[in-house]
Every structure is written in structure tokens, then in C-alpha cells.
Amino acid sequence: MTAKQVQRTEKFMRHAMAAHGSSVYLVALAQTRSEADAQDVAQDVFCRLLTDGTAFTGDEHLKAWLLRVTVNRCHEFHRTPWRQRVESADDAGRELPAPGASTEDAALTELRADPVWQALQALPEKLRVVALLHYVEEYTTEEIARIVGSPPATVRTRLHRARKQMRETLESPASPATNPAKEKNYGQAHA
């Protein structure tokens, strides 16, 4: 059963974007690992909302719908022939924003530098999305199951694996090549 085509009001769209735009963007950013691609996905999601005829029972229903569409759009995005042929630039290596850059740019730079975000980004896609929805968006495993289209037991397994992998990533000592202090000590001990 498909929803009929409608044209949502500007007021409805403004509310949806103000209330849930950051959640949609964050999920898209976690899945695509690219600011530009996340912006494209978020735009696609809200364009779909504009004409989708789903009758929402409340704000939580709207948010769940938006996140479900975001996850689906990210899956579609990864399967496109263009995406399979073109390697995206690594956004994690970007420099700090210039003075006077927007607070959004500064917030993204701060987010990218956070060790927990980096550990989250290191997870495989299926683990990353459930961890983000559970720990950032605070959804229950049953709600996540509806959003990602998996059984609740699968979501719990993925959350367990995500926690384990993130813990290992966060607890692992840095290698000498990435930690100059350790490299210095290593060189002195073996000199």
C-alpha cells in the first residue's frame, strides 16, 4: 500500500526540518561518512516528505518515519552505480574551519575529533546505524527494529557487537606511528 501524493504545508515542513533535521543529518552523516553526501540524503528525505501522503499520528511517528526513510535512502545511495565507481574524499582529514566559519562547521569539526564519534565511524554500516539510533537518538531496540526493518533480536545482537567493537577501539593503545610521545619513548628504549 502506497501513500497518496500530497503537497505538505510550509508550516509543516518548517516544523519537521527544525525539529528533526539535525537527527536526519546526523544519521545520514554516520552512514555516508561525508558531509556533502549527508546533505544530499537529508535533502532527498525532506523532498520525499513534502509529497508523501502518510498521515502522522504525532511528532514521534514523524521522526521515526524520517529516520526510516533516511536509513533506506543511505542504503540506496551506497548501491548507486555512481557511488560504486567514485571514491568519496575523506572528510575526517579536513582542517579546522576558518575564523568566522559557521557554528555548524565548528560543531562538525568538534564532532569529527571526538574519539567516540571516530569509534562509531569505524563500525560497519549495520552496527553504526543501530548504535547511533540507540545511543544518540535514544530509541528502544523495538523502535530501532521498525526503523531499520530487522527483528528486535537482530538489533540487540548488533548493539552488543557495536558496543564491543567501540570499546575495543576506544581502549586500544595508539600505535607508535600515530602517537609521537610513544614513538619518542620507543626510539629511546631501542636506541
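**Reading the salt bridges**

Analyst: Glu10 and Arg14 both lie in helix 1 (residues 10-32), four residues apart, which is about one turn of the helix. Helices here are DSSP runs of H or I with at least four residues, numbered from the N terminus. This is a predicted model, in which local features need pLDDT of at least 70 and side-chain atom pairs count only at pLDDT 80 or more, while totals for chains, interfaces and linings use all residues. Residues are numbered from 1 along each chain as its sequence is written, and side-chain values use heavy atoms, with hydrogens and water left out.

User: How many salt bridges does the rule give?

Analyst: A salt bridge is a side-chain nitrogen of Lys or Arg within 4 Å of a carboxyl oxygen of Asp or Glu. The count comes to five salt bridges. One of them joins the side chains of Glu10 and Arg14, at 2.5 Å from N to O.

User: Are Glu10 and Arg14 buried or exposed?

Analyst: Buried means under 20% relative accessible area, exposed over 50%, and partly exposed in between (1.4 Å probe, protein chains only). Glu10 and Arg14 are both exposed.

User: Which parts of the chain does the pair Arg73 and Asp44 link?

Analyst: The side chains of Arg73 and Asp44 meet in a salt bridge of 2.8 Å, N to O. This pair links distant parts of the chain, with Arg73 in helix 3 (residues 59-79) and Asp44 in helix 2 (residues 35-51), 29 residues apart. Asp44 is partly exposed, its relative accessible area being 32%.

User: Where do Lys63 and Glu137 lie?

Analyst: Lys63 forms a salt bridge with Glu137, their closest N and O atoms being 2.8 Å apart. Lys63 lies in helix 3 and Glu137 in the loop between helix 7 (125-135) and helix 8 (141-148), so the pair ties together parts 74 residues apart in sequence. Lys63 and Glu137 are both buried. Elsewhere, salt bridges that share partners join Asp44, Arg73 and Glu76 into one network.

Conventions:
Helices (H or I, at least four residues) and strands (E, at least two) are DSSP runs, numbered from the N terminus.
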